[in-house]
Amino acid sequence: MTTTTPSAPTRARPYRGTKVRRQRVRAAWTFLAPMLVALALVAGWPLLRTFYFSLTDGTLSTLGDASFIGLENYLVYDDGAWYGLLTDPMWWRSVWNTLFFAVVSVSLEVVFGVIVALILNVEFRGRMLVRAAVLIPWAIPTIVSAKMWAWMLNDQFGIINHLLMTLGIIDAPIAWTASATYSMWAVILVDVWKTIPFVALLALAALQMLPKDCYEAAEVDGIHPVRVFFKVTLPLITPALMVAVIFRLLDALRVFDVIYVLTSNASSTMTMSIYARQQLVEFQDVGYGSAASTLLFLIIALATVAYLYLGRNRLQLGGD
Amino acid sequence: MASVTLDKVNKVFGHTPIIKDVDLDIGDGEFVVFVGPSGCGKSTLLRLIAGLESISDGELSIAGQVVNDLPPRERGVGMVFQSYALYPHMTVYENMAFGLKLAKTAKETIHERVMATARILQLEELLERKPKALSGGQRQRVAMGRAMAREPRILLFDEPLSNLDASLRVQMRNEIARLHQRLGSTMIYVTHDQVEAMTLADKIVVLNAGRVEQVGTPHELYQRPATRFVAGFIGSPTMNFLPATLVTGNDAGCRVRAAGIGELALPQDTAQQVAGEALTLGVRPEHLRLAEAAGDNAFEIVNVEYLGNEVYVYLEPKAGETLLIHRSEAPSPWRVGQKVALVPDPEQVHLFDAGDRALGVATARAVA
């Protein structure tokens with residue numbers, strides 16, 4: 001008898017364990033449910049609707065009578081020639097513009113963001129003030145800052161042309177936002193100006209987490225500061241930079257506002273979002289525009305997956 | 001390997017003086033321990049030698065060369081940090097090789113040096129691991145390895161064992177001592193633990209509030225503490241202090257009276273003192289004898305601690321709040337509540353003047 005009594009609680013224990021686990025799972029779902037419902041309503045449903053519309057010939061005025069036309073918005077062979085979004089050179093131009101904009105602007109933002117973060121990480125008088133001031137471009141709504149820059153870049157009255165001409169760098173005013181040569185760079189400049197604070201803030205947070213004694217050890221060992229930056233600082237803040245890059249990349253791939261305000265529908269700066277909006281709103285072609293939106297979604301998803309896959313080791317480093 | 005000389009070295013942070021007029025000679029190959037309570041400036045002194053902090057005033061020389069304005073890398077020092085300060089993203093091998101790569105050392109030389117160091121510290125199995133996959137003791141060894149691999153003239157240790165648990169601390173203490181015997185290089189070691197100081201040092205520097213209280217061998221510091229502070233800091237359990245008055249004395253010895261003990265004949269030279277002057281009597285717990293007693297002069301036993309090999313008996317003091325301690329080999333006949341008389345061994349009693357300076361033993365006696 002005495003030998004059986006101790007085994008009774010051992011039998012009961014796993015049962016109690018599963019009960020607790022079941023309760024936890026239930027609690028987790030309860031907390032997750034509102035978020036899942038909200039996501040399904042504001043993200044899932046529109047996405048599915050857009051995908052559905054991309055398979056129809058709907059227009060803004062005839063949304064109700066839209067009929068299913070399969071993949072014809074994407075690609076169709078008709079009368080000896082290919083038609084559809086995938087054959088539209090303007091679409092591919094937009095894709096290229098978007099990727100170019102995203103890669104160049106995010107790269108510049110990371111480089112300058114890290115430089116700003118390194119400066120802010122140094123102890124100096126008035127550091128708090130400078131930190132707050134650096135955040136201002138990020139705090140201004142994009143439309144406002146884009147409008148502001150549009151004025152500054154204005155070919156006739158803009159201060160930038162005025163300054164450059166006074167300094168003798170250029171002879172005649174440049175139409176920054178209208179010229180096919182400069183408009184993309186003007187747009188990148190404004191985006192970089194606006195988003196450096198974001199990257200700088202993330203990088204600064206990472207810098208302040210760094211173990212100070214490692215730097216003292218490097219100092220005693222006589223390692224050159226530049227080498228310490230590339231061999232110690234940069235690898236250690238990489239996880240934070242990876243996060244900054246993915247945030248920025250997602251933003252840049254769907255860029256709309258800054259470009260639309262600065263250059264409107266100009267083809268030299270047209271991005272996927274602007275292309276989709278033009279088809280949907282200006283040309284009223286909901287089916288075609290939705291197809292562009294769907295492809296835009298797929299490209300962003302693809303870029304994200306590729307980035308996460310390539311960066312998986314670096315990101316894991318930060319998880320430790 | 002090199003000697004280190006400090007001449008009137010001062011360090012001021014803002015307006016707060018941290019290191020005050022420190023003079024120190026550290027010989028080539030010596031193992032010197034800076035010891036003192038937290039905030040006494042011992043770590044700052046080490047960082048001054050390393051070059052991580054600049055000297056406000058005075059002169060610091062390494063191997064005869066003044067290094068006040070030299071950056072750390074030109075001082076030829078290696079440092080082991082309390083927190084180990086390992087580069088978290090590098091393997092053990094990379095951690096040790098990182099400091100070597102700069103010196104334009106050939107690849108084979110780097111590899112040889114890292115491997116040689118790893119062999120000494122038994123790190124060969126761990127070379128491919130990252131610091132997070134190591135135990136505290138292993139990290140400690142890597143930190144030492146990194147400092148040693150550069151073959152510095154002086155090895156500096158900043159409380160290297162304080163993040164380890166007690167048993168590992170004893171083990172690493174032994175390893176450091178053996179390392180010093182083997183390398184023979186000059187080592188400067190900072191700790192707040194007097195046991196580490198006593199066991200490791202050729203020479204101990206006791207610091208208090210930015211000043212050097214006393215420099216000496218562990219034996220000198222234990223036998224002849226120069227001040228009451230040193231007397232209380234070195235030795236465990238700590239020395240008992242009793243208020244006393246000088247009855248009579250000259251340069252050949254003296255008689256003092258202490259509450260609860262009565263009059264004692266001591267060998268200290270009190271030629272500079274006057275009768276009736278207030279002194280402090282210092283007796284180590286191991287230099288006391290207890291005898292059964294009764295009446296006003298008896299001390300009451302308030303606690304008895306049994307440690308297996310020895311027994312600590314705690315006594316209610318006549319003045320102040322610090323309990324007096326008696327230490328003897330186990331077993332001990334004493335029980336809580338018993339009344340006892342204190343019988344100090346006159347040869348082992350220390351006497352401090354009103355300024356807490358130790359009074360020297362009369363020379364006449366010392367010769368005899």
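Visitor: How much area do chain B and chain A bury between them?
Guide: About 1900 Å², and 65% of that is on carbon and sulfur atoms. Do keep in mind that this is a predicted model.

Visitor: How many residues does each chain put into the contact?
Guide: Chain B gives 23 residues and chain A gives 17 residues.

Visitor: Which salt bridges does the rule find across the interface?
Guide: There are two between chain B and chain A. One of them joins the side chains of Glu216(A) and Arg47(B), with N to O at 2.5 Å.

Visitor: And how many residue pairs are in polar contact there?
Guide: Five across the interface of chain B and chain A, with both residues of each pair at pLDDT 80 or more.

Visitor: Which elements of chain B supply the side that touches chain A?
Guide: Strand E6 (77-80) and helix H2 (92-102) of chain B each bring at least two residues to that side. H2(B) has the largest share, with four residues.

Visitor: Switching to the sheets. What's the strand order in the open sheet of four strands?
Guide: In chain B the order is E2-E1-E4-E5, and the pairing is antiparallel.

Visitor: Why is one side of E2 and of E5 left without a neighbour in the sheet?
Guide: Strand E2 (16-26) and strand E5 (65-66) of chain B are at the edges and have a single partner strand each, so each has one side with no neighbour in the sheet.

Visitor: How many bridges pair E1 with E2 in chain B?
Guide: Seven, with strand E1 (residues 4-13) and E2(B) running antiparallel. Within E2(B), Ile19(B) sits opposite Lys11(B).

Visitor: What does helix H1 touch on that sheet?
Guide: Helix H1 (residues 42-50) of chain B packs against E1, E2 and strand E4 (57-62) of chain B, and its direction is at about 115° to that of E1(B).

Visitor: Now the open sheet of six strands: what's the order?
Guide: E6-E7-E8-E3-E9-E10 in chain B, with mixed pairing. E6 and strand E10 (211-216) of chain B are the edge strands, each with a single partner strand, so one side of each lacks a neighbour in the sheet. On average, neighbouring strands here are turned by 20° against each other, direction ignored.

Visitor: How many bridges join E9 to E10 in chain B?
Guide: Five, linking strand E9 (residues 203-208) of chain B to E10(B) in an antiparallel run. Asn208(B) has Arg211(B) in E10(B) as its bridge partner.

Terms used: Residues are numbered from 1 along each chain as its sequence is written. Chains are lettered from A and ligands numbered from 1 in the order in which they are written. This is a predicted model: local features need pLDDT of at least 70, side-chain atom pairs count only at pLDDT 80 or more; totals for chains, interfaces and linings use all residues. Side-chain values use heavy atoms; hydrogens and water are left out. Contact means heavy atoms within 4.5 Å. Buried area is the accessible area (1.4 Å probe) that two parts lose on being put together, summed over both. A salt bridge is a side-chain nitrogen of Lys or Arg within 4 Å of a carboxyl oxygen of Asp or Glu. A polar contact is a pair of N or O atoms within 3.5 Å; within protein, one must be able to donate a hydrogen and the other to accept it, and residues adjacent in sequence count only if both atoms are side-chain atoms. Two strands pair if DSSP finds at least two bridges between them. Axes are lines fitted to C-alpha atoms, for helices over the stretch in contact, and angles run from 0 to 180 degrees between N-to-C directions.
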